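Please keep the sequence and the structure in view while reading.

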Amino acid sequence: MADEHLYDLIIVGAGPAGLSAGLYAGRATLDTLILEGDTVGGQVTTTSVVYNYPAVEKVDGTQLMNQMQKQVTDFGVAIKHDQVEEYQLTDEVKVLVGKSGQEYRARSVIVATGAQPRKVGFTGEDEFRGRGVAYCSTCDGELFSGLQIFVVGGGYAAAEEADYLSRFGKHVTVLVRGDHFSCPPLMAARALNNPKVSVEYNTEVKQVTGDDYVTTATLVNNKTGQETVYHVDDGDNTFGIFIYVGTKPATEKLRGILDLNDQGYIKAAADGATNLAGVYAAGDVIVKDLRQIITAASDGAIAATAAEQYVTAQKQRQGVPIHAVTTKTAAQPVGQTSNLTQQEEVSPHQGNWLTPEIDKQLQPIFARLTKSVTLEVNTDGSTLSQQLLSFATEFADLTDKLTVTTKDGQGDLLPLLKLLDADGHDTGLHYAGIPTGHELNSLVLGVYNVAGPGQTIDPALAERIKHLPAANIRIGVSLTCHFCPDVVAACQRMASLNPAISATMIDLQHFPALRKSKKIMSVPATMINDAPVIFGSQSLEQLVTAVEQNS
């Protein structure tokens, strides 16, 4: 399936480097597309608070990426969710093949695929991921409230996240392999000066063990060889081990195509140029000494400027007119994957749950709704039920396509919000708890898929979804998790296309019994019928396959 459109530039990756490149390319009026296979914002969205971005004293990582994304889309740069599986970069016209089967063509390419968290490799690390071992404090931190937490690492991330995790855990112990923190003293002080944080130097994790959860960790002093066994405190079911030991570059698909060093990072010149003409690289994926948000943003700006010069020279050589791109698209919050266009601005709605800025962002989406939806609030008389009703009422007030009804609920997942179609039939799109925070994206997309054009997906995949057997899908989430909305939206997209499927978002903070029974200590946690829990980010295709295998 080929896209005959020839872009001036395709940027692979939508982290700080990719978004910065998109911003500069958009300002230079290049016809630019950003392809992102996972979450817009990259690893920054796993950072609780960013303290070292110039002119910003401190900012939530996801918020910073949202602001950057809005800048990029305001300059007419499109962001599409597709994982690049094949790179054809040697010819003048570069061809990228997505996981969707789509082929994308461009005069130039910037690789900004970033890097993923690196594993330590101790015994039990893989076995207990999601059951004590974690890699994202903003996703999983609150699940360890009142429990002991260990942080493995000695750099920027370890110091920052130890400080952040101290608000949840009863105590945080940082395990540093060396004899000091490798980050600057001011950053290390965030952990060292926190009374709820202690540090053990020259210490490594040898193994973790347990039954359903991690209950024992064997630590070893790498100087003396002395081993220490930590066992879960009496009354606790587990403890947390959060891993921050660096990253691994996402360059597996580029081996044999671009020049990489022994660790897999791309060798790039000062302007981001690689060994192939018209192909540039930027951000954490390249060989460099410092991997920080600001250096990634700088790399992106430099690479985009070099790409603009390359494309201009190529067009002049070929006698191709240089046209300015003036398309303007609506920015969407991180985690939202629909492709929506900007509509006429409306006066912002004032409310308790939704800020005027969010209200304004939602209006263009609601303007595309063609059917009515009823928000049915299933209550149990609790305070949380009253809060859910208040939220649903305010949300529905933003458009005449939404109405709210209440019903005495039944079952263990209460309060529960159900989306009913125009005929009053249950669509299977449910929300246990209040879908605020990142999960507001899930609710918006749910309404859009039921009452609007819906998210575009590959026709063949849509047919697979329509033929899936009956399935009850539940997705355990945390409202601070940036991975969760995409998983919820994917499962609910299946429900919107197949009446035999239900997909329920569950805020695990309010349903500890389910969390305990399913032994969940990490999100997103996807439960398909009675099959084992699937932890972590999953694409729509992966989830469709999982339903096929577990129904």
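A residue is called buried under 20% relative accessible area, exposed over 50% and partly exposed in between, with a 1.4 Å probe and protein chains only. By this criterion, 7 of the 7 residues of strand β18 (residues 373–379) are buried, and the strand is mostly covered. Helices (H or I, at least four residues) and strands (E, at least two) are DSSP runs, numbered from the N terminus.

The model is predicted: local features need pLDDT of at least 70, and side-chain atom pairs count only at pLDDT 80 or more, whereas totals for chains, interfaces and linings use all residues. Residues are numbered from 1 along each chain as its sequence is written, and side-chain values use heavy atoms, with hydrogens and water left out.

**Confidence and domains**

- The predictor's confidence in each residue is given as pLDDT, from 0 to 100; the chain has a mean of 88, and 92% of its residues reach 70 or more.
- Over residues 326–350, pLDDT stays under 50, and the model has 65 contacts beyond four places in sequence for this stretch; contact means heavy atoms within 4.5 Å.
- Domain bounds come from an automatic or database domain assignment, which gives domain 1 (6–116 + 247–318), domain 2 (133–243) and domain 3 (356–550).
- The C-alpha centres of domain 1 and domain 2 are 33 Å apart.
- Gly-319 lies in the loop between α6 (293–318) and α7 (356–366), and it counts as exposed because its relative accessibility is 61%.
- Gly-319 and Arg-167 are separated by 152 residues in sequence and by 61 Å in space, C-alpha to C-alpha.

- Two strands are taken to pair if DSSP finds at least two bridges between them.
- An open sheet of 5 strands has the order β8-β15-β9-β10-β11, with parallel pairing.
- Its edges are β8 (133–134) and β11 (197–200), each with a single partner strand, so one side of each has no neighbour in the sheet.
- Strand β10 (residues 171–175) runs parallel to β11 and is joined to it by 4 bridges; Val-172 has Val-197 of β11 as its bridge partner.
- Helix α4 (residues 156–165) has 8 of its 10 residues buried, so it is largely enclosed by the rest of the structure.
- The elements that cover the buried residues of α4 include α3 (137–140), β9, β10, α5 (185–192), β11 and β15.

**The mixed sheet and strand β18**

- Another open sheet has 8 strands in the order β19-β18-β20-β21-β23-β22-β24-β25, and its pairing is mixed.
- Strands β19 (402–408) and β25 (534–535) form the edges; each has a single partner strand, so one side of each is left without a neighbour in the sheet.
- In a regular strand, side chains alternate between the two faces of the sheet.
- Both faces of β18 are covered, with Val-373, Leu-375, Val-377 and Thr-379 buried on one side and Thr-374, Glu-376 and Asn-378 buried on the other.
- β18 pairs with β19 in the parallel sense over 7 bridges, and Val-373 stands opposite Leu-402 in β19.
- Strand β21 (residues 426–432) pairs with strand β23 (residues 501–507) in the parallel sense over 4 bridges, with Leu-429 opposite Ala-503 in β23.

**Nonpolar cores**

- A nonpolar core is a set of buried Ala, Val, Leu, Ile, Met, Phe, Trp, Tyr and Cys residues joined through side-chain atoms within 4.5 Å.
- The largest nonpolar core has 94 residues, of which Val-151, Phe-181, Phe-395, Ile-473 and Met-494 touch the most other members.
- Domain 2 (133–243) and domain 3 (356–550) both contribute residues to this core, so it lies between them.
- A second, separate core of 29 residues includes Leu-64, Val-77, Ala-282 and Ile-293.
- Beyond its neighbours within four places in sequence, Phe-395 has contacts that include Leu-354, Leu-375, Leu-402 and Val-447.

**Aromatic pairs**

- Rings of Phe, Tyr and Trp (its six-membered ring) pair if their centres lie within 6.5 Å; planes under 30 degrees apart count as stacked, over 60 as edge-to-face and the rest as tilted.
- The whole structure holds 9 aromatic pairs.
- Phe-150 and Phe-239 form an edge-to-face pair, 5.7 Å centre to centre with 75° between the planes.
- This pair links distant parts of the chain, 89 residues apart: Phe-150 is in strand β9 (residues 148–152), and Phe-239 is in the loop between β14 (227–231) and β15 (240–243).
- Phe-150 and Phe-239 are both buried.
- The ring centres of Tyr-164 and Phe-168 are 5.5 Å apart and their planes are at 75°, so this pair is edge-to-face.
- Tyr-164 counts as buried because its relative accessibility is 9%.
- One aromatic cluster is formed by Trp-353, Phe-366, Phe-391 and Phe-395.
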